[in-house]
Amino acid sequence: MIQSSVEFFKNLPPKQCTECGKKIEEQHECYGNHCDHCLSGE
Ligand SMILES: [Zn+2]
């Protein structure tokens with residue numbers, strides 16, 4: 001169990017898409033501030 005890593009992400013605010021305002025579940029940094037829907041619609 002890596003609790004320290006879990007607590008680190010729990011302290012982070014939820015990501016939100018800058019296009020539609022949808023909450024981004026993914027933690028991938030490459031996604032930036034856009035959800036998967038807005039990325040595919042580009
Ligand atoms: Zn979006």
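Isoleucine 24 lies in strand E2, which spans residues 23-24. This is a predicted model, in which local features need pLDDT of at least 70, side-chain atom pairs count only at pLDDT 80 or more, and totals for chains, interfaces and linings use all residues. Residues are numbered from 1 along each chain as its sequence is written.

**Isoleucine 24**
- Isoleucine 24 is partly exposed because 18 other C-beta atoms lie within 10 Å; a residue is buried with 20 or more such atoms within 10 Å of its own C-beta, exposed with 12 or fewer, and partly exposed in between, the C-beta atoms being placed from the backbone.
- Proline 14 is 10 residues from isoleucine 24 in sequence, and their C-alpha atoms are 7.1 Å apart.

**Cysteine 20**
- Cysteine 20 is found in the loop between strand E1 (15-16) and E2.
- Cysteine 20 is exposed, since it has 11 other C-beta atoms within 10 Å.
- Leaving aside residues up to four places away in sequence, cysteine 20 touches Cys35, His37 and Cys38 (contact: C-beta atoms, placed from the backbone, within 7 Å).
- Between cysteine 20 and histidine 37 there are 9.1 Å from C-alpha to C-alpha, at a sequence separation of 17 residues.

**Overall structure**
- The protein has two helices and two strands, in the order α-β-β-α from the N terminus; helices (H or I, at least four residues) and strands (E, at least two) are DSSP runs, numbered from the N terminus.
- Of its 42 residues, 2% count as buried.

**Confidence**
- The mean pLDDT (the predictor's confidence in each residue, from 0 to 100) is 76, and 74% of the residues score at least 70.
- Where pLDDT is low, the predicted coordinates should not be read in detail.

Notes
Contact = placed C-beta atoms within 7 Å.
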